[in-house]
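Please look over the sequence and the model below before reading on.

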Amino acid sequence: MTRLLVAYATRCGSTKGVAEAIGRGLAAAGWGVDVRPVGEVRDLRPYRAAVIGSPIRGGRWLPEAVDFVRKNGEALKRMPVAYFAVCLTLRDDTEGNRSEVAACLDPVCELVQPVELGLFAGALDPSSLPLVLRLLLRCIKAPAGDFRDWDAIRAWAVKLGKEMTGKLGVRCGRT
Ligand SMILES: Cc1cc2nc3c(=O)[nH]c(=O)nc-3n(C[C@H](O)[C@H](O)[C@H](O)COP(=O)(O)O)c2cc1C
């Protein structure tokens, strides 16, 4: 089976949901997919391609997601890699906001160049956060709610799956 890894970081779980939806879209495009937290991935040898994602916090990917790319840089440079980011800025999906969020991924793009970037609106449930963060987010008037667009996430994943298949010249589902 030609396998693809979807590795993600999360703090409150919304990025896990996005990673799982991406996994289902890639599977629909014919890939065998493993969806795993970055901390649970020990070996990239079973994979022909990788999709790696994180929420944006304070204008950056979570540190464990950046570390994952840094630690596995050599292996990732030998396969097609795509990144995704989940954040609240994209609740308002404008060209300007997309550029701003894409710039948050510059540090990982410099480590390993991706074939695609997926930029998605996320979710915020203040009740799941420590008091200090709740107060901070209230001060900056951060919007609460679930803004994930499942159709857009799936469409991106299906298109990406086909693109990666084309790049590798493989027929997915076969060895
Ligand atoms: C402390 C904190 C900082 C955040 N910083 C940003 C940010 O800089 N830009 C942004 O667009 N969203 C920001 N967000 C929103 C998160 O990216 C969004 O809620 C995301 O869906 C959280 O993912 P998770 O549930 O997987 O942890 C922030 C959220 C929190 C709680």
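An oxygen atom of the ligand lies 2.6 Å from a polar backbone atom of Ile56, a polar contact being a pair of N or O atoms within 3.5 Å, with the further condition inside protein that one atom must be able to donate a hydrogen and the other to accept it, and that residues adjacent in sequence count only if both atoms are side-chain atoms. A ligand oxygen is likewise 2.9 Å from a polar backbone atom of Gly59, and a ligand oxygen is 3.2 Å from a polar backbone atom of Leu88. Of the 650 Å² of accessible area that the ligand has on its own, the protein covers 88%; such areas come from the Shrake-Rupley method with a 1.4 Å probe, and for residues only the protein chains shown count as cover. The ligand is surrounded by 21 residues, the closest being Thr10, Ser14, Ile56, Thr89 and Ala123, where a residue is near a molecule or strand if one of its heavy atoms lies within 4 Å of it.

A word on the basis of these values is in order. The model is predicted, so local features need pLDDT of at least 70 and side-chain atom pairs count only at pLDDT 80 or more, while totals for chains, interfaces and linings use all residues. Residues are numbered from 1 along each chain as its sequence is written, and side-chain values use heavy atoms, with hydrogens and water left out.

Turning to the strands, one can start with β1, which spans residues 3–8 and has five of its six residues buried. Here buried means under 20% relative accessible area, exposed means over 50%, and partly exposed lies in between, with a 1.4 Å probe and protein chains only; helices (H or I, at least four residues) and strands (E, at least two) are DSSP runs numbered from the N terminus. β1 pairs with β2, residues 32–37, in the parallel sense over six bridges, two strands being paired if DSSP finds at least two bridges between them. Within this pairing, Arg3 has Gly32 of β2 as its bridge partner. Between β1 and β2 the chain passes through helix α1, residues 14–28, and this β-α-β crossover is right-handed, which is to say that, with the strands pointing away from the viewer, the path from the first strand over the helix to the second runs clockwise.

β1 also pairs with β3, residues 47–57, in the parallel sense over six bridges, and in β3 it is Ile52 that stands opposite Ala7. In the segment before β1 lies Thr2, which is buried, with a relative accessible area of 3%.

What makes β5 largely enclosed by the rest of the structure? Seven of its seven residues are buried, and β5 is therefore largely enclosed. In a regular strand the side chains alternate between the two faces of the sheet. In β5, Val81, Tyr83, Ala85 and Cys87 are buried on one side, and Ala82, Phe84 and Val86 are buried on the other. β5 and β6 in turn pair in the parallel sense over six bridges, and Ala85 has Leu119 of β6 as its bridge partner.

The whole structure holds two aromatic pairs. In one of them, the ring centres of Trp61 and Tyr83 are 5.2 Å apart and the planes stand at 80°, so this pair is edge-to-face; rings of Phe, Tyr and Trp (its six-membered ring) pair if their centres lie within 6.5 Å, with planes under 30 degrees apart counted as stacked, over 60 as edge-to-face and the rest as tilted. This pair joins distant parts of the chain, with Trp61 in β4 (residues 60–61) and Tyr83 in β5 (residues 81–87), 22 residues apart. Trp61 counts as buried at 4% relative accessibility, and Tyr83 counts as buried at 0%. The rings of Phe120 and Trp156 have centres 5.4 Å apart and planes at 80°, so they too are edge-to-face, and they link β6 (residues 116–121) with helix α7 (residues 150–168) across 36 residues.
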